[in-house]
Amino acid sequence: MIKKRAGLSALAVLGATAIALTGCSSNGSGNGGDSGSTNASGIVTTNGSEPQNPLIPSNSTETGGGKIITSIFEGLISYDADGKPVNEVAKSIDTDDSKTYDITLNTNYTFTNGEKVTAESFTKAWNWAAQKSNAQGASYFFENIEGYSADEDSELTGLEVKSDDEFTVTLKSAQSDFPLSLGYSAFMPLPSSFYDDTKAFGENPVGNGPYKLDGEGAWTHNQSIKLVTNEDYAGKRKPKNGGLTITFYTTQDTAYADVQGGNLDVLDAIPDAAFATYKSDFPDSNVNQAAAIFQGFYLPYYLDHWKGEEGKLRREAVSMAINREQITDKIFDGTRTPAKDFTSPVIDGWSDDLEGADVLEYNPDEAKKLWAEANDIAPYDETLTISYNADGGHEAWVTAVTNSIANTLDIKAEGNAIPTFQEALDIQTQDKLTGGSRTGWQADYPSLYNFLGPTMGKGSSSNYARYDSAEYNELLAKGRSASSVEEGNKYFDQAQELLFQDLPEIPLWYSNVTGVWAPDNVTNVKFGWDSVPLYYDIEVTK
């Protein structure tokens with residue numbers, strides 16, 4: 001996928017950045033249904049959530065929009081089921097020094113309006129996304145390209161078009177995992193029509209991926225979006241079906257009932273109430289496998305009691321007041337693993353031996369002691385709340401966590417339900433939380449940095465806790481500019497050890513992807529390293 005020129009080997013590890021995840025489904029193969037009779041024009045139905053923003057790749061930073069963007073756009077690379085990079089629009093990505101990259105393109109990719117995908121389709125899109133005035137949620141992905149500025153509009157001078165089929169990228173500093181990131185949606189190409197009316201484009205995007213919107217009106221807000229196969233798609237993710245309909249469910253329980261009734265083909269998140277029964281409900285069509293998903297919650301620094309020395313003491317106390325082992329066992333029935341860090345064990349370089357990680361252990365006596373010390377600074381007479389989106393199946397664990405905190409610290413603690421994921425994100429984005437909030441991170445690409453930078457780095461769009469540590473940001477910068485992925489991970493480990501002291505996020509557990517599918521409707525169902533089904537591979541048998 002990525003070639004180092006003679007004498008260099010720092011990128012050799014990139015082809016194996018995620019531990020193999022396959023083979024964990026109950027039936028071993030990930031298949032179900034009658035594979036002998038398939039319908040190539042059949043539509044796969046699955047679950048999703050209303051995108052927070054219009055469907056522009058560089059502003060779709062949450063799972064609802066991301067699931068759609070990766071279906072209708074194709075980047076320089078894609079990722080296979082195990083997280084390994086696969087060349088797509090890129091024919092080659094070459095470098096001598098991990099700082100300047102020469103990218104040549106395959107010439108057979110077009111957008112669904114017939115326009116050819118060229119080098120400028122990428123460079124112009126990246127430049128647009130990087131401009132401060134365009135306020136794109138993923139603009140920080142371009143921060144290491146020469147010319148980028150977070151403070152003002154500035155041309156990405158590190159991008160140079162050599163021809164229709166070749167361009168170079170010059171970074172401010174060496175970044176060994178840069179090629180690996182190029183499968184993320186922020187780096188997708190855009191057609192020239194995008195710039196004519198970006199708002200209209202966001203409602204009816206024109207992509208170059210395996211699927212396309214099913215005409216005008218395909219996206220019914222807060223209900224569903226209908227995609228059909230892009231017959232001119234030139235990539236490796238050739239659909240084995242006729243399209244994809246994503247329904248935006250308000251509860252996972254409803255979605256689960258629809259799969260049971262044969263009215264939904266694939267569900268990628270099991271509701272709490274079905275953890276004990278989903279394997280017997282779907283004995284030959286279920287999956288429970290590791291995925292690159294971190295779950296926790298945070299208490300924003302703009303709130304009283306959660307900053308300075310008082311806040312530091314309270315964060316440690318709250319973390320030690322949570323019985324993670326008991327909750328993952330009783331609530332999740334083995335589909336979660338108590339966290340040992342802020343990333344995910346499926347990412348290459350993960351460690352469960354970081355200094356300070358003992359703050360994640362249940363220690364009620366120490367928790368009470370620290371909370372009392374914080375009360376000596378300023379008494380706490382509030383109710384500690386954790387907000388969560390009610391459409392995501394979080395109520396049971398939030399209740400268990402707040403009960404654990406309340407019982408240990410002898411305070412009032414409870415969940416605060418927000419109806420939808422979109423509304424919950426809006427509250428966080430606008431700094432309107434009155435207490436804590438659940439948080440989670442599904443990796444954009446398989447790298448430790450991708451968990452640490454976007455969620456807690458200064459200026460990152462998903463740093464909703466508003467954490468700002470010069471030391472932490474310096475360690476992130478050193479890790480990104482290291483000569484190899486392994487060398488960079490050493491700095492990222494140091495950054496995590498600092499996080500254990502500050503606790504801008506309180507780690508809870510790692511999520512498995514738990515899913516089911518209707519065996520009479522579909523077959524060849526597989527789930528990727530990032531928990532998203534490989535929709536293009538699904539065959540319809542109904």
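Contact here means heavy atoms within 4.5 Å. Keep that in mind as you explore these views of a predicted model.

**View 1. Helix 2 and its neighbours.** Helix 2 covers residues 119-130 and is mostly covered, with 10 of its 12 residues buried. Those buried residues include Phe122, Trp126 and Trp128, along with Ala119, Ser121 and Asn127. They pack against strand 6 (100-105), strand 7 (159-163), strand 8 (166-170) and helix 4 (198-203).

**View 2. Helix 2 from end to end.** At 1.5 Å a residue, the 12 residues of helix 2 should span 16 Å. The C-alpha atoms at its ends are 17 Å apart, which agrees with that expectation.

**View 3. Inside the largest nonpolar core.** This core has 147 residues, and the ones that touch the most other members are Trp126, Phe142, Phe297, Val318, Val401 and Ile405. Leaving aside residues up to four places away in sequence, Ile405 touches Phe297, Val318, Ala321, Ile322, Leu384, Asp410, Ile411 and Ala413. A second, separate core has six residues, among them Phe421, Leu433, Tyr464 and Ala465.

**View 4. Helix 12 meets helix 13.** Two packed helices are described by the angle between their axes and the distance between the axes. For helix 12 (residues 448-456) and helix 13 (residues 470-480), the angle is about 145° and the axes are 11 Å apart. Their crossing is left-handed. From helix 12, Tyr449, Leu452, Gly453 and Met456 meet Tyr472, Leu476 and Arg480 of helix 13. Sorted by type, the residues of this contact are five nonpolar, one polar and one charged.

Technical notes:
Residues numbered from 1 in each chain as written. Predicted model: local features only at pLDDT ≥ 70, side-chain atom pairs only at ≥ 80, totals over all residues. Heavy atoms only, no water. Axes fitted to C-alpha atoms, helices over the stretch in contact; angles between N-to-C directions. Helix = DSSP H or I, 4+ residues; strand = E, 2+ residues; numbered from the N terminus. Left-handed = near helix turned anticlockwise from the far one by under 90°. Nonpolar A, V, L, I, M, F, W, Y, C, P; charged D, E, K, R; others polar. Core = buried A, V, L, I, M, F, W, Y, C linked by side-chain atoms within 4.5 Å. Buried < 20%, exposed > 50% of the residue type's maximum accessible area, 1.4 Å probe, protein only. Expected span 1.5 Å × (residues − 1).
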